[in-house]
Amino acid sequence: MTALSWDGSAPPSGRTETSRTVDAGPLAVRVTAVGSGTAPAVTVTELAAPGVLVIEAVTAEPDARLRIEWQLPCTGATGYWTPNTNARWLPPSWATPREASLPKGAPVGSLVGPGDRALCTFAVGELVRPVAIGEGAVEETGRYSWWIEQDGPRALLRIDLSRRHFADTVRESARWWAGLAPVRTVPDAAFEPVFCTWYALHLAMAAADVERLAALAAPLGFRTLIVDDGWQTDERTRSYATTGDWRPAPTDFPDFAAHVARVRSLGLNYLLWHAVPFVGDRSEAAQQLAGHTLAHLPQLETFLLDPRSATVRAHQVERLAAAVEQYGVDGLKVDFVDTFARRPAPGAAPHAASPEADCATVAEGVQKLLAALDERLRATRPDVLVEHRQDYLGPGLWPYATMVRAADCPHNAVENRVRTADLRLTAGPLAVHADPLTWHPQESPEQIAVLLQSVLFATAQVSVDLGAQRADQLAALKFWLGVMTEHRDLLQRGELRPHRPELAYPVIEARSADALAFGRYAPLPLRVTGDWRRLLVANADPDTLVRIEFDRPPGRVELLVQDCLGGEVARAQTPVDGIELAVRVPTGGLLTLGRAAGA
């Protein structure tokens with residue numbers, strides 16, 4: 001057993017300390033039990049990968065909390081990565097801790113150094129219950145400090161000190177999670193382009209509006225339609241007061257099953273929005289579920305349900321399952337799950353737990369709710385599609401979803417790029433979706449292409465009035481949806497490496513078998529290593545001189561340059577005997593290089 005050591009400081013008041021010595025370089029670790037008179041049992045396992053440890057702490061005290069603290073010298077650090085797409089600069093050790101649980105976040109983080117190498121990546125092996133996480137630079141010592149704390153009886157912590165690319169270490173942490181929980185196969189339909197009604201229509205929609213957009217979307221390459229908020233109410237205001245009954249709006253959607261059938265006849269999957277934690281102030285369900293809520297959210301005009309209640313779970317499962325069982329939809333957009341983890345407003349008294357509460361934490365109640373819903377949905381449609389959203393993105397949700405979407409960031413190409421790349425590292429088997437792309441009716445086709453290039457390594461969602469688009473705007477959209485579909489295995493399932501997290505990923509690359517793809521979002525050279533037969537470069541930067549540096553001369557290549565509409569700009573066969581190549585690629589355009597067999 002590898003031993004552990006601490007730096008000699010005293011444990012916090014009231015905590016029992018256990019300590020060892022260490023042979024893993026400068027790492028210092030302390031494991032304590034809070035509220036226990038007995039030191040926890042600690043086991044350290046060195047994994048096959050050099051520099052990777054798993055620390056297991058166990059306490060026999062049923063009410064004790066386990067705390068694991070560790071530190072490293074803060075030398076060479078350039079940024080700090082977390083899965084919630086926060087600022088990437090180094091937080092101080094006294095910053096407000098974060099909490100990860102099934103409804104919100106994921107218990108993982110990475111201290112990144114030069115060359116995108118991880119100085120330390122950690123992941124916690126708790127998939128459901130809350131884990132408190134502190135992390136930051138210690139100004140007094142120049143060290144970087146972490147701590148995690150959770151209820152006992154067992155805590156698992158994986159620490160990766162291998163100094164590989166941070167994306168590789170985070171992705172391997174996600175693979176470790178996959179060994180701790182069941183993982184379900186995700187259908188290919190989860191990776192197909194999506195048209196969403198939200199930004200295009202908001203709540204001002206009726207069945208005819210949806211069907212008009214669906215008829216325009218299918219020929220462009222979309223294969224799924226998400227009907228967002230608005231189908232359940234004839235109101236047009238931004239309010240959640242009518243949520244909870246989950247019945248189609250009688251005026252705008254008078255025959256919902258027939259409407260769904262018409263959309264599906266176009267070759268589109270149909271997903272329907274539900275805000276699963278909400279029961280609105282003006283809903284019938286608010287009366288039925290009174291006494292089974294966690295809080296009232298006056299600004300949203302809704303109550304927040306307590307998922308620990310069997311009555312709540314039965315109601316929600318019955319109403320959400322109706323979308324599949326009665327109306328024939330292909331799946332659900334399950335929204336606002338992270339609201340279950342919402343903290344009470346300052347000064348507000350928290351609601352008492354439901355008298356039916358049958359588990360200790362809200363997170364465990366959410367798991368019971370999603371598991372019951374999943375079982376019911378799959379009984380009718382085994383390949384049901386279910387979308388979740390950032391910030392609820394942890395491995396505890398994997399068995400109950402097929403895709404996870406970036407949080408709302410309308411018109412923001414950079415944020416959508418960073419969010420989708422972050423999600424790719426922690427999503428495990430799930431398809432990662434962009435927040436729906438939207439743009440002004442006068443937007444140029446080049447910038448529409450840039451928006452699509454920014455989410456090149458995710459499933460594209462789009463939400464604009466397709467009937468208001470010019471021919472060139474639609475051409476750019478159709479071309480890039482086609483590129484993303486043709487190269488789906490490379491772009492969405494390939495090994496992803498987003499570079500320079502502290503600079504919002506100016507370059508992203510993906511590799512699959514003998515193919516390699518780059519998204520170029522800044523005027524930086526692209527470094528090509530390893531074997532490849534096909535190389536794609538999407539140029540989203542105004543600088544059109546794309547410079548490529550090879551680790552070895554590629555020999556004769558076939559070169560194709562296309563503009564943002566897919567039109568051919570240049571085509572050639574040319575020898576590349578050196579290790580550098582510079583090619584003019586229009587903004588929003590695509591460079592494709594192919595190597596002959598044996599080259």
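This is a predicted model: local features need pLDDT of at least 70, side-chain atom pairs count only at pLDDT 80 or more; totals for chains, interfaces and linings use all residues.
Where does Glu-301 lie? Glu-301 has its place in the loop between β17 (293-297) and β18 (302-305).

## Backbone features

Most residues other than glycine have a negative phi, and most peptide bonds are trans. Glu-301 is not a glycine, yet its phi is positive, at about 55 degrees. With a relative accessibility of 30%, Glu-301 counts as partly exposed. A positive phi, of about 50 degrees, is also found at His-202, again not a glycine. His-202 belongs to the loop between α2 (198-201) and α3 (207-217), and at 25% relative accessibility His-202 counts as partly exposed.

Two cis peptide bonds can be described next. One joins Gly-152 and Pro-153, with omega at about 10 degrees. Pro-153 is placed in the loop between β11 (143-151) and β12 (154-160). The other runs from Gln-390 to Asp-391, and its omega is near 15 degrees. Asp-391 is placed in the loop between β20 (385-389) and β21 (403-405).

The loop between β20 and β21 also holds Leu-393. This leucine is buried, with a relative accessible area of 5%. From C-alpha to C-alpha, Leu-393 and Lys-333 are 14 Å apart in space, while 60 residues separate them in sequence.

## Aromatic rings

A pair of aromatic rings is described by the distance of the centres and the angle of the planes. How many aromatic pairs does the structure hold? The structure holds 19 aromatic pairs. One of them is formed by Trp-246 and Trp-273, whose rings are arranged edge-to-face, with 5.6 Å from centre to centre and 75 degrees between the planes. Trp-246 lies in the loop between β14 (224-227) and α4 (256-264), whereas Trp-273 lies in strand β15 (residues 269-275); the pair therefore ties together parts that are 27 residues apart in sequence. Trp-246 is buried, with a relative accessible area of 1%. Trp-273 is likewise buried, and its relative accessible area is 1%.

The ring centres of Phe-479 and Trp-480 are 5.3 Å apart and their planes stand at 70 degrees, so this pair is edge-to-face. Phe-479 counts as buried at 14% relative accessibility, and Trp-480 counts as buried at 0%.

Trp-246 and Trp-273 also belong to one aromatic cluster, whose members include Trp-231, Tyr-240, Phe-253 and Phe-256.

| Arginine | Ring | Distance from the ring centre |
|---|---|---|
| Arg-493 | Phe-191 | 4.0 Å |
| Arg-595 | Trp-532 | 5.0 Å |

## Cavities

Rolling a probe the size of a water molecule over the atoms shows where empty space is left. Across the whole structure, a search finds six cavities of 30 Å³ or more. The largest cavity contains about 70 Å³ of space. Which residues lie nearest the centre of the largest cavity? Of the 15 residues that line the largest cavity, Ser-101, Leu-102, Pro-107, Glu-126 and Leu-127 lie nearest its centre. The lining of the largest cavity divides into nine nonpolar, four polar and two charged residues.

## Single residues and their contacts

Is Ser-463 buried or exposed? Ser-463 is buried, with a relative accessible area of 0%. Its place is in the loop between β23 (461-462) and α10 (471-486). The side chain of Ser-463 reaches the backbone nitrogen of Ala-200 at a distance of 2.9 Å.

Val-576 is part of strand β31 (residues 568-576). At 4% relative accessibility, Val-576 counts as buried. Val-576 and Gly-555 are 21 residues apart in sequence, and 4.9 Å separates their C-alpha atoms in space.

Terms used. Residues are numbered from 1 along each chain as its sequence is written. Side-chain values use heavy atoms; hydrogens and water are left out. Rings of Phe, Tyr and Trp (its six-membered ring) pair if their centres lie within 6.5 Å; planes under 30 degrees apart count as stacked, over 60 as edge-to-face and the rest as tilted. Helices (H or I, at least four residues) and strands (E, at least two) are DSSP runs, numbered from the N terminus. Buried means under 20% relative accessible area, exposed over 50%, partly exposed in between (1.4 Å probe, protein chains only). A charge sits over a ring if NZ of Lys or CZ of Arg is within 6 Å of the ring centre and within 35 degrees of the ring normal. On a 1 Å grid over the protein atoms alone, a cavity is a set of points where a 1.4 Å probe fits but cannot get out, and a pocket is an open set with protein on both sides within 12 Å along at least five of seven lines; lining residues have an atom within 4 Å of a point. Grid points are joined across faces, edges and corners, and a volume is the space filled by probe spheres set on the points. Ala, Val, Leu, Ile, Met, Phe, Trp, Tyr, Cys and Pro count as nonpolar, Asp, Glu, Lys and Arg as charged, and the others, Gly among them, as polar. A polar contact is a pair of N or O atoms within 3.5 Å; within protein, one must be able to donate a hydrogen and the other to accept it, and residues adjacent in sequence count only if both atoms are side-chain atoms.
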